Amino acid sequence: MRPTHSPLRTDEQERNRPEPTYGGYLAVDGLLRLQRPRSVPEHPDELHFIVTHQAMELWFKVVIHELGRVRAELGRAEWTRAVARLGRINAILAAQTAQLGTLGHLDPQAFLEFRGFLGTASGFQSVQFRVIEVLSGLRDSGYLNVLRAAHGGSLPAEIVEALATPGLAEIAGGAADWRAVYSRPDAQGALFLLGEALLDYDRLWAGWRHEHLVLVERIIGYDTRGTGGASARYLQGRLSSRFFPFLWEVRHRLATEHGA
Ligand code: HEM
């Protein structure tokens with residue numbers, strides 16, 4: 001079958017279009033020029049540090065993209081598609097949490113040798129990380145105030161845009177009577193599986209936060225200030241963040257009803 005092509009191109013133009021190469025299609029040359037260690041003389045471990053962060057930001061981009069699609073599917077009551085997509089997102093999160101662990105093999109002394117070159121740059125400023133949190137459901141005023149403070153008094157445009165759409169928690173929370181779904185899983189099987197996929201999403205983010213906390217403790221210790229001015233103590237306080245408290249509470253309700 002002839003591949004489809006842009007209606008704006010004539011057949012002649014399409015025939016003369018050069019075949020893409022691996023490097024050209026993926027812009028590999030440009031991509032490999034994006035790692036610019038700042039340490040002078042260049043510290044050999046800074047490359048690993050930069051690549052881990054850059055790779056994470058690329059995967060955050062995919063997660064944001066997929067969150068848009070899963071929210072639309074939930075809005076159309078396409079439960080099966082949404083469950084399948086959440087399965088893919090969850091696989092990405094698991095892989096990214098494992099990727100964080102690779103940085104644990106950076107020895108603390110090596111990190112300290114180039115840390116000064118980071119200035120005040122910190123993961124605390126990652127806009128995509130915050131967009132994911134907002135799209136997923138963290139939106140209370142206290143949380144937004146912290147974000148405002150972290151971004152110099154006003155929210156970045158990407159976060160404002162994310163706030164203008166309903167979060168995953170809001171959409172999922174209104175999609176079902178979760179107490180009823182969980183008390184008889186087979187009665188609304190697709191919704192039960194959706195609840196479990198959402199719970200896994202929450203669990204995997206809790207796992208990401210925990211892995212990051214342990215990484216920070218391993219590299220700079222518990223009470224050392226990070227380049228963003230916070231410490232592992234702050235990260236510890238964030239461990240209890242949950243996007244879908246209603247899905248966790250339903251366990252407690254069921255347990256209470258069973259006299260536990
Ligand atoms: C040597 C490795 C790392 C160390 C020592 C480290 C340290 C820290 C510290 C101390 C904080 C608290 C804020 C601050 O003062 O900077 C923080 C926050 C953060 N870091 Fe890292 N980090 C490391 C690797 C990473 C990686 C690979 C990522 C991936 C993008 C990342 C993403 C984040 C994010 C998103 C936050 C904000 C978390 C929140 O507010 O809940 N970090 N990091």
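A residue is called buried if 20 or more other C-beta atoms lie within 10 Å of its own, exposed if 12 or fewer do, and partly exposed in between, with the C-beta atoms placed from the backbone.

Colleagues, the structure before you is a predicted model, in which local features need pLDDT of at least 70, side-chain atom pairs count only at pLDDT 80 or more, and totals for chains, interfaces and linings use all residues. Residues are numbered from 1 along each chain as its sequence is written.

Let me start with the chain as a whole. There are 14 helices and zero strands; helices (H or I, at least four residues) and strands (E, at least two) are DSSP runs, numbered from the N terminus. The C-alpha trace spans about 65 × 65 × 35 Å along its principal axes. Of the 260 residues in the chain, 18% are buried. Two residues are in contact if their C-beta atoms, placed from the backbone, lie within 7 Å. Among contacts between residues at least 6 apart in sequence, 73% join residues at least 24 apart.

I now turn to helix 7. This helix covers residues 127–136 and is mostly covered, with seven of its ten residues buried. Which residues of helix 7 are buried? They are Arg130, Val131, Ile132, Glu133, Val134, Leu135 and Ser136. These buried residues pack against helix 4, helix 8 (141–150), helix 9 (157–163) and helix 10 (168–173). Just after helix 7 comes Gly137, with a positive phi of about 150 degrees.

Next, the packing of helices. Two packed helices are described by the angle between their axes and the distance between the axes. Here, axes are lines fitted to C-alpha atoms, for helices over the stretch in contact, and angles run from 0 to 180 degrees between N-to-C directions. Angles under 35 degrees count as roughly parallel, over 145 as roughly antiparallel, 65 to 115 as roughly perpendicular and the rest as oblique.

Consider helix 4 (residues 46–75) and helix 5 (residues 79–102). Their axes come within 10 Å and cross at roughly 165 degrees. Helix 4 and helix 5 are therefore roughly antiparallel to each other. Their crossing is left-handed, a term used if the near helix is turned anticlockwise from the far one by less than a right angle, with right-handed for clockwise. On the helix 4 side the meeting residues include Trp59, Val63 and Glu66, and on the helix 5 side they include Arg85, Arg88 and Ile89. By class, this contact of helix 4 with helix 5 has eleven nonpolar, four polar and six charged residues. In this classification Ala, Val, Leu, Ile, Met, Phe, Trp, Tyr, Cys and Pro count as nonpolar, Asp, Glu, Lys and Arg as charged, and the others, Gly among them, as polar.

Is Glu66 buried or partly exposed? Glu66 is partly exposed, because it has 15 other C-beta atoms within 10 Å. Leaving aside neighbours within four places in sequence, Glu66 is in contact with Arg85, Arg88 and Ile89. Glu66 and Arg85 are 19 residues apart along the chain, and their C-alpha atoms are separated by 7.4 Å.

Helix 5 also packs with helix 12 (189–220). The angle is about 15 degrees and the axes are 9 Å apart, which makes helix 5 roughly parallel to helix 12. Helix 5 passes helix 12 in a left-handed crossing. The classes in this contact are 19 nonpolar, eight polar and two charged residues.

Of the 26 residues around the ligand, Ser122, Gly123, Gly226, Gly228 and Ala230 come nearest. Helix 4, helix 12 and helix 13 (232–237) are the elements that give two or more residues to this shell. The largest share, five residues, comes from helix 12. By class, the shell has 14 nonpolar, eleven polar and one charged residues.

Finally, the backbone. Most residues other than glycine have a negative phi, and most peptide bonds are trans. Ala27, in the loop between helix 2 (22–26) and helix 3, has a positive phi of about 55 degrees. Ala77, in the loop between helix 4 and helix 5, also has a positive phi, near 55 degrees. Ala77 counts as exposed, because it has 10 C-beta neighbours inside 10 Å. The peptide bond from Val40 to Pro41 is cis, with omega near -5 degrees, and Pro41 lies in the loop between helix 3 (28–32) and helix 4.

Definitions and conventions: A residue is near a molecule or strand if its C-beta atom, placed from the backbone, lies within 6 Å of it.
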